[in-house]
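Please consult the sequence and the coordinates alongside the text.

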Amino acid sequence: MTSESLAHPMTPRGFVWRRKSVLPGFGITFGYTLVYLGLIVLLPLAALLLRPADLGVDGFWKVVTAPRVLASLRLSFGASAIAALINAVFGLIVAWVLSRYQFPLKRLVDALVDLPFALPTAVAGIALTALYAPNGWIGHLFAPLGIKIAFTPLGIVIALTFIGLPFVVRTLQPVLLDLDKEVEDAAGSLGATRWQTFRLVILPSILPALLTGLSLAFARAVGEYGSVIFIAGNMPMKSEIAPLLIVTKLEQYDYAGAAAIAVVMLAASFVMLLVINMIQRWSRRHEERSA
Amino acid sequence: MNVETAIEKPVTNAVSTLVRAAAPRPVGAARTEPVWAQRLLIAVAVGFILIMLILPLASVFVEAFADGIGHYLSAIAEPDARSAIGMTLLVAAIAVPMNLIFGLAAAWAIAKFEFRGKSLLITLIDLPFSVSPVISGLIYVLLYGAHGWFGPFLAAHGIKIIFTVTGLVLATMFVTFPFIARELIPLMQEQGTDEEEAAVSLGASGLQTFFRVTLPNVAWGLLFGVLLCNARAMGEFGAVSVVSGHIRGLTNTMPLHVEILYNEYDFVGAFAVASLLALLALVTLVGKSVLEWRMGRDGSRGH
């Protein structure tokens, strides 16, 4: 199937792959979709996937297992995992409170949850750095205790927590609102304490959504750049995240090296995507079974 | 009786109804959390939002006005800042309409027709969301940069893409690629094809059908997608940082200018430009809430 043949799909011959329709415009819109997708997304990604071939298998392996690269990958994935776990806990509480209780300014709090989606990452980065620097509003509270937050991996976790929060809250909210209250009532009338009901009735049914939100937050955090580089300190081997190392390699004109790290990160995010899809399929089965 | 094992198995609606019929709810059963627990949870949630979200937002404006309103205004009126604002508006003014046209075309083809490989196509459209911003810039350097695939060809013809506005626009188009399409596709699928088929059978042309029937039905969703796409286009940092070359007055967008000023220890200048971007974020949030309310969609979804 070539894009050439797709340009004229309205000709009546062939095309068993498409069901007939009286509506016009399939050929031009489908063709345009493929061309635009190809030029903007697929072609550049292909250039990335093929670039590390310059290095050969051994060269590729040497680049991605260099101590500095491994340290940056460990930091990116480790800090993202911690941030995702923090968001799982607090995101659950925020989503719970927003979908179950009434309190003043609730709508405002609800709208603000999306702030990390809307606020440019560079702005978030300098704002968090100003707050958590040793002389900042929050940093100066910890400085006397000898705890440094900005310019350490701790600061990276803070920035990644900021970035990931909406993913957990927004995945949980609709599920919490859809929960069948009758099942909870039944548990209550059978004598379960509220905590038992939460742990044994509510938690199992929101678990897939919680895991999905957690994975989305994690996936976003692994690739995050703008909000992290200001607060990170960017010390090689200590507080240098993988995306920054890609930029460093690029600035040294080490295209193949930059592409090699990028391919590793891309592979990781596709694994994440796969995991998220599996969780969602599993939860759909779960829903069907209990419906 | 062992409560835990009784409710550990998934309780079906049928069972729960039976149970309720058999045993009337005892007075004071644990149907909701005690008041102290509710208050505690609300306090934790609001406290977390306050520290993690509101404080950073507030600090942007406090730092921007740290030296008074005069300094703030002159930091924004400074020529490099003004050209960065212009560049950001220009990039968004190209990238958003491009993705809007794509989104409409893709949604029409995907939502109104049945063909094989549709779910693969939707997955591919969503792809840019799972690519790191830095990698989104890198792929264009690998394609059009001096040592890229088309680098020698472009150099021979005197065309520059990387370190120019074209590069900024391409990288921005990539990172905002799915926004409008993924908003429109489910919406147009929900609407079905009955109205369009009726219009066509009554003699309307394809374009008439689209503009008079389809578009009015998805107008709010379209605006929603444009709003999110624009916010990301104006605020993108990582991807444009890689392709821009940070040439002041030429290829510097607002987020990149914030970084330059910040690294030069011009904090008031950096936060002044950042405050404009924060305002954009607030306007986006208000617009998003209004549109969600108009579309009757409660509990917004993320992307």
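Helices are DSSP runs of H or I with at least four residues, strands are runs of E with at least two, and both are numbered from the N terminus. The model is predicted: local features need pLDDT of at least 70, side-chain atom pairs count only at pLDDT 80 or more, and totals for chains, interfaces and linings use all residues. Residues are numbered from 1 along each chain as its sequence is written, while chains are lettered from A and ligands numbered from 1 in the order in which they are written.

Most residues other than glycine have a negative phi.

A:Phe151 is buried because it has 21 C-beta neighbours inside 10 Å. A:Asn234 has 16 other C-beta atoms within 10 Å and is therefore partly exposed.

Chain A is assigned domain 1 (3-54) and domain 2 (65-290), with bounds that come from an automatic or database domain assignment. The centres of these two domains of chain A, taken over C-alpha atoms, are 35 Å apart. Five residues of domain 1 of chain A are in contact with six residues of domain 2 of chain A, a contact being two residues whose C-beta atoms, placed from the backbone, lie within 7 Å.

Between the chains, 96 residues of chain A are in contact with 96 residues of chain B. On the side of chain A that touches chain B, helix H2 (residues 26-50) of chain A gives the most, with 14 residues.

The model scores ipTM 0.88 and pTM 0.87. Chain B has an average pLDDT (the predictor's confidence in each residue, from 0 to 100) of 87, and 87% of its residues score at least 70. In chain B, pLDDT stays under 50 over residues 21-29, for which the model has six contacts beyond four places in sequence. The pLDDT also stays under 50 over residues 298-303 of chain B, where the model has 15 such contacts.

Terms used. Buried ≥ 20, exposed ≤ 12 C-beta atoms within 10 Å, placed from the backbone.
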